[in-house]
Amino acid sequence: MINFEEMGFTPGILKAIQELGFEQPMPVQKKVIPLMLGDESDIIALAQTGTGKTAAFGLPLVQATDTEINSTQALILCPTRELCIQITGDLTDYARFTGKLKILAVYGGASIDNQIRGLKKGVHIIVATPGRLIDLIGRGAAKLSNVNTVILDEADEMLNMGFLDSINEILEEIPEGRRTLLFSATMSSEIASIARKYMNNPAEITIGTKNSSAENVSHAYYFVHAKDKYKVLKRIVDFEPDIYAIVFCRTRKDTQEVASKLINDGYNVDALHGDLSQSQRDAVMQKFRSKNLNMLVATDVAARGLDVDDLTHVINFSLPDDPEIYTHRCGRTGRAGKTGISISLVHLRERQELQKIERLVKKPFKALSIPTGSEICGKQLFNWVNKIETVATDHQEIEKFLPEIKMKLEGLDREELLKRVISLEFNRFLDDYRHGDDLVDPVPEKDSSFGRTGRKGSREQYPGNYKRLFINLGKSDGFYPEQLIDLVNINTRGRKIPIGKIDLLKTFSFFEVEAGHADDLIGALNNAKFKERRVTVEIAQEKTDKPRNGEYSGRKPAKWSNRSPEKRRQRSVFIE
Ligand code: AMP
């Protein structure tokens, strides 16, 4: 396996690589860097954002730039201001230990006078959006006659944004002997025609499959009634306590509406769309990047160039008009070696659009069923319980208040105290979800027209998540969720075993456990005793309406709404 040290970088560049914490070259770097450092060939690289392509072209480019010559030697064209700034920042990092490299970002929406002043001082590498660069060439500020390397980054995005004419105009300005590199997520006929016109026998590199989305992204969808879209979005978000996501909408109006509703409902989100001024957009992006926002609701255009590496989810509140755009959306998660999921909310009428996207992406899309209220409460609750286990406490600060607090809460036993603390923390979820208004899944049970079976019988949440177990204890044994959780905790000695839905019946019960822990838990509980009774746990049979061994009635578990308020309160503490 080739590593950075063997690639022919100077000690200064290697030091920068080390400081950046890059241990191994990413696949695009393994392919592009040797070509760039080796011969003079042109390169077309089909690679998504997030694959490490900036370093792939940036590290060799910085090394090849002669800082003794005071003229512009390289030009990087990219679609947005944000990407310009990002690339300039990255190149500056690569050049930290290699002398006085001057790199300037020039883009629209900022003072052109400052940019002209910057260019006049002499710049080795210009990073530009096409429109502004044309302006600067026209004013005689940008001089490209000594440029020997041109990099077209996110070329497909530039074309989508209507920059074809500007790109042609710019490339006409640059001497023919130059080297040209073109990076694009997808290969279209326009890209091929630019390559034919301006590139010389380019080497073609593909990272992942052509026109397919990033390897680390999985794809899923919910079929929803149009009227339920917002509610489903909320459920997805509530089901993912640590979500960090972009929610894509098709129009500015939808974007603003969805963001406003989420803000009103207490979520930490903001909107990003074309009606905002540049400074408003910058402020929103900054908040999102620094994770002061968990979610950004955005139009496709506004989210271009927003570079964030660790998105957990991309949510397609509406499918894009053009399937190609989907590949750009989902490429925003699963970056820098991490995994991500792209989730679409799809109306039944949109199934054909979904199929088109599925064909383009060349990966299976998984149908999910909408999380029920009790699943959401359970997920949130256990996430919170896990946090309690690991939180760092400032003992000294707290201790001085403890005697008084203890006195005030003297009359409450441990269980009552827990219930109250949980109620305080979870009232929003409990209020939202306790009334049993679970959303109706519009998918017919057997949806042959979509080429796959509906979700009958399997309550599939995130792929492969839970297994349903049978236990030989029920309410008549005094066995309630508290007792189940205690039984699990005691017999697994503190191993964290996520428990899902619990269905309590009279003489036996069912409960779910995260699939990876099922065998472990079955082993642990089958050796256990509950009030002197030997516990039996096994993988549950599929639900059936027929009695099981003469005792299982197949009765569906009670819903929130069927219970007395007293019971609801009790259960609200645990998972149904
Ligand atoms: P890019 O595709 O250029 O936007 O890069 C995506 C992310 O990967 C950026 O945050 C880079 O800092 C990071 N990155 C690039 N190369 C490497 C590497 N060899 N090892 C680890 N991270 C990298």
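User: What does the side chain of Q29 reach, and at what distance?

Analyst: A polar contact is a pair of N or O atoms within 3.5 Å; within protein, one must be able to donate a hydrogen and the other to accept it, and residues adjacent in sequence count only if both atoms are side-chain atoms. Here the Q29 side chain reaches the backbone oxygen of G52 at 2.9 Å. This is a predicted model, in which local features need pLDDT of at least 70 and side-chain atom pairs count only at pLDDT 80 or more, while totals for chains, interfaces and linings use all residues. Residues are numbered from 1 along each chain as its sequence is written, and side-chain values use heavy atoms, with hydrogens and water left out.

User: Where does Q29 lie, and is Q29 buried or exposed?

Analyst: Helices (H or I, at least four residues) and strands (E, at least two) are DSSP runs, numbered from the N terminus. Q29 lies in helix α2 (residues 27-37). Buried means under 20% relative accessible area, exposed over 50%, and partly exposed in between (1.4 Å probe, protein chains only). Q29 has 2% relative accessibility and so counts as buried.

User: Which residues come nearest to the ligand?

Analyst: A residue is near a molecule or strand if one of its heavy atoms lies within 4 Å of it. Of the 15 residues around the ligand, Q24, Q29, G52, T54 and D309 come nearest. A polar side-chain atom of Q29 is 2.7 Å from a nitrogen atom of the ligand. A polar backbone atom of Q24 is 2.8 Å from a ligand nitrogen atom, and a polar side-chain atom of T54 is 2.5 Å from a ligand oxygen atom. On its own the ligand has 510 Å² of accessible area, of which the protein covers 79%; such areas come from the Shrake-Rupley method with a 1.4 Å probe, and for residues only the protein chains shown count as cover.

User: Why does the ligand lie between domain 1 and domain 2?

Analyst: Domain bounds come from an automatic or database domain assignment. Domain 1 (4-206) and domain 2 (217-367) both give residues to the shell around the ligand, so the ligand lies between them.

User: How are the two faces of strand β12 covered?

Analyst: In a regular strand the side chains alternate between the two faces of the sheet. In β12 (residues 313-316), H313 and I315 are on one side, V314 and N316 are on the other, and all are buried. In strand β10 (residues 269-272), V269 and A271 point one way and D270 and L272 the other, and all are buried.

User: In which sense does β12 pair with strand β9 and strand β13?

Analyst: Two strands pair if DSSP finds at least two bridges between them. Strand β9 (residues 245-248) pairs with β12 in the parallel sense over 4 bridges, and V247 has I315 as its bridge partner. Strand β13 (residues 340-346) runs parallel to β12 and is joined to it by 4 bridges, with I341 as the bridge partner of H313. β10 pairs with strand β11 (residues 295-298) in the parallel sense over 4 bridges, and L272 stands opposite A298.

User: How many residues of helix α10 are buried?

Analyst: In α10 (residues 229-239), 10 of the 11 residues are buried, so the helix is largely enclosed by the rest of the structure. Among them are Y230, L233, I236 and F239.
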